[in-house]
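Biologist: Before we discuss any labels, could you put the model on the screen, so that each term can be set against its definition?

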Amino acid sequence: MGNELESLKEKIEREAQGIKNQADLLKFKEKFLSRKKGEISLLFKKIPSLDPEMRSSFGMEINRLKKIGEKLLNEAEERIKGEKRSSIISERIPDPTLPGKKKIHGSIHPIARTSYEIEEIFLRMGYDIEEGPDVETEFFNFEALNIPKYHPAREQQDTFYIREDLLLRTHTSPVQIRAMRKRKPPIRVIAPGRVFRRDEPDPTHTPMFYQVEGLVVDKGINFSHLKGTLEIFSKSLFGKLTKVRFRPSYFPFTEPSAEVDISCPICGGKNPNCRICGGTGWIEILGAGMVHPKVLMAGGIDPEIYSGFAFGLGVDRTFLIKSQLLDIRYYYENRVEFLEQFR
Ligand code: FA5
């Protein structure tokens, strides 16, 4: 019996030395220490067949062997972990005397940040944020906004069609209809988002850009509410001294309609060669107007009882003004060296 235990001990020690990886560890455990079939456990089964006076000393010997096996297994496990750790370290840091790598933190894209700034101003005024899909139906993008088929306004907002009646939205105005159908007056929402047009890229146009729509519907809403709101907004975004100017314009979904200009925040109209306002002293920032009765009806709202105003602002051009840059296309080239300056 003594020999049998001795040769098993040698075998265990030999094999423990040969453990190199996780698979070897499992194999070793299975072979010697497994409860059912492990070679040490099998020895316990021999005890009943031994002379009674031998049983207790043999049992003690097997227990000792089991402890040795477990200890060797633990040591091998630690050894493997240590080897793995040091190999990871040596892989990661080939030369620990080299200076550390600088971590580059990303930041929010300047156009997105401008959109957030605009959103915050309106949130402070008590507006909610409303969302609509980028892929929009022809009905919401045009028909419901009083732009029937063959209306000349469709020409200015040609877009990318997915099907005949499904397109990439050309403005955030369809969210006006969605908001009216979803909510009951009083409605006070803004709808930021991406829009698409079949526009040739140039310094002030890209085929994809961002807008923020605004919509207020309630009893007794009039043009002076629109004017006051846009004045507060413009002063908050461009500075307290900013002046706002309304010019008559036309949109099929508002009546009356206006283009809204702000006084040039760069030169205030004093520089005839200003790169931003071209010396005129004014820069157009958005389109606005009183919601057309047909649009209120398409939104399920009675124009005899309620009225409203709406506006739509180009976020990209707003950022262009704020950053005093001249070409919108730079923002979409994704050149980190360029974008880094707006962190
Ligand atoms: C509209 O899109 C109207 N939906 C705005 C509106 C809403 C009017 C509610 C009345 C009531 P417009 O086509 O002018 O209007 O576009 C609004 C703004 O989007 C422009 O002032 C401009 O800042 C921006 N914009 C238009 N086309 C482009 C383009 N290709 N690239 C970048 N910005 C653009």
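Modeller: This is a predicted model, in which local features need pLDDT of at least 70, side-chain atom pairs count only at pLDDT 80 or more, and totals for chains, interfaces and linings use all residues. Residues are numbered from 1 along each chain as its sequence is written, and side-chain values use heavy atoms, with hydrogens and water left out.

Biologist: What joins the side chains of S173 and E213?

Modeller: A polar contact of 2.8 Å joins them. The term asks for a pair of N or O atoms within 3.5 Å, where within protein one must be able to donate a hydrogen and the other to accept it, and residues adjacent in sequence count only if both atoms are side-chain atoms.

Biologist: What makes the pair D128 and R183 a salt bridge?

Modeller: A salt bridge is a side-chain nitrogen of Lys or Arg within 4 Å of a carboxyl oxygen of Asp or Glu, and the closest N and O atoms of D128 and R183 are 2.9 Å apart. D128 lies in strand β1 (residues 128-129) and R183 in the loop between α8 and β5 (187-196), so this pair ties together parts that are 55 residues apart in sequence. D128, with a relative accessible area of 36%, is partly exposed, and R183 also counts as partly exposed at 25%.

Biologist: How do you know whether E138 and K149 are buried or partly exposed?

Modeller: E138 has 10% relative accessibility and so counts as buried, whereas K149, with a relative accessible area of 41%, is partly exposed. These two residues form a salt bridge, their closest N and O atoms being 3.3 Å apart.

Biologist: How many salt bridges does a search of the whole structure find?

Modeller: The search finds 25, among them the one between E61 and R64, whose closest N and O atoms are 3.4 Å apart. E61 and R64 both lie in helix α4 (residues 52-92), three residues apart, about one turn of the helix.

Notes
Helices (H or I, at least four residues) and strands (E, at least two) are DSSP runs, numbered from the N terminus. Buried means under 20% relative accessible area, exposed over 50%, partly exposed in between (1.4 Å probe, protein chains only).
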